[in-house]
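Notebook open, structure loaded. I'm jotting down what I look up as I go.

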Amino acid sequence: MAGRRPADNRKGKQRRRRWLKVAGAAALLAAVAALGSVTGIVLAAIRTLPAVAGSAPRPSLPSEIYDADDRLVTRIYDTENREPISLSEVPQHVQDAFIAVEDERFWRHRGVDVIAIGRALINDVLGRQLQGASTITQQLARNAFPIGRERTLRRKIQEAVLALELERRYTKKEILQMYLNRIYFGRDVYGIQMAAKTYFGKPAKDLTLEEGALLAGLPQAPNAYEPFSNPRAALQRRNQVLELMAQKGFISRERAEAAKREPIRTAEAPPARRDYPAPHFVDYVLA
C-alpha cells in the first residue's frame, strides 16, 4: 500500500498549525474578555466599599432581611442577649471546634482563602451559584461592616478586602475573639458566652469538648440544629464536628469517639422564644 506523499504531509501539518493558531487566538480573546469582566466587577466592588474608620467593627444594629420581592421578612436584633468575653475565657478545645468546622487554615492565612475565592470567580463566570467557604475573618467582616449579605461576587470581593484590612490591624486572637462574641446561635442568642449559658447553663470557660462541638455546629443553621427543638439533628451535627476535629488533627481519634458516645445534656429550655418567620431562609441569609 502506497504511503502518503510528502506534499500531502506538509499540507496537513500547515492546516493543523493554522487551526492551532486560530484556537490559540480565540482562547486569548476569551481570556482577555473574562479578565476585563472580572476587573470591572472588582473595581465596582472597591468603589462601593464602605468606609472603614480605623477598621473597627460597627456598633450592633438590627439587620433587615428582605425576600425576592423586596418585602421585609424580619429584623434581626443582634444587640439582644449578648455577653462579650475574652478569648482567654474560651477553652482551647472550643476554639479548635470552631476553627475545624469553619476555617481550618485560620492560623495560617492572611484573611482570605485564595482557593475559595478562585472557585467563586469561576462559578460566577460560568453562571453557577456562588459557594461559601468564607474564612472566619471574612465572616467577621460580613457581620461587622454594612456590606449586605447577598451572595454575589461583588459582595464577596468587598468581604475579602475588609478581611485583609482586619488581618492587617488585628491579631488572630483578637479576630477570633470578635468572631466568637458576634455570631448567632439561635433562640435570640449571640456570642459564645450567652450560647453556653442558654444551652448548657454554664459559662463558656466550663464547656466540655462535646458541648463546644455542639455550639460550633450551630451557626451554619441554628434553627435546624439547636438541641431544644431538634435533639437528633443536634446530636448528628455535633458528631460531624467531632469527626472533623479528628480528621484535621485537633483531637485524637480515641477522644473523638469517646465524645461521640456522650449524650447531649442541655439546660432547661428557656420558657419564651421569638420564632422568626421562614426560619430556614433566615438561617441561609445569616450563614
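I started with the Gln193 side chain, which makes a polar contact with the side chain of Glu83 at 3.5 Å. By polar contact I mean a pair of N or O atoms within 3.5 Å; within protein, one must be able to donate a hydrogen and the other to accept it, and residues adjacent in sequence count only if both atoms are side-chain atoms.

This is a predicted model, where local features need pLDDT of at least 70, side-chain atom pairs count only at pLDDT 80 or more, and totals for chains, interfaces and linings use all residues. Numbering runs from 1 along each chain as its sequence is written, and side-chain values use heavy atoms, with hydrogens and water left out.

Gln193 sits in helix H7, residues 192-200 (helices are DSSP runs of H or I, at least four residues, numbered from the N terminus). I found Gln193 buried at 5% relative accessible area (buried is under 20%, exposed over 50%, with a 1.4 Å probe and protein chains only). Leaving out residues up to four places away in sequence, Gln193 touches Glu83, Ile85, Pro203 and Ala204 (contact: heavy atoms within 4.5 Å).

Next, salt bridges: a side-chain nitrogen of Lys or Arg within 4 Å of a carboxyl oxygen of Asp or Glu. I get 14 in the whole structure. Glu165 pairs with Arg168 at 2.8 Å; the two are three residues apart in helix H5, so about one helical turn separates them. Arg168 is exposed at 56%.

Lys172 bridges to Glu167 at 2.9 Å. Here Lys172 is buried at 16%, and Glu167 is buried at 14%.
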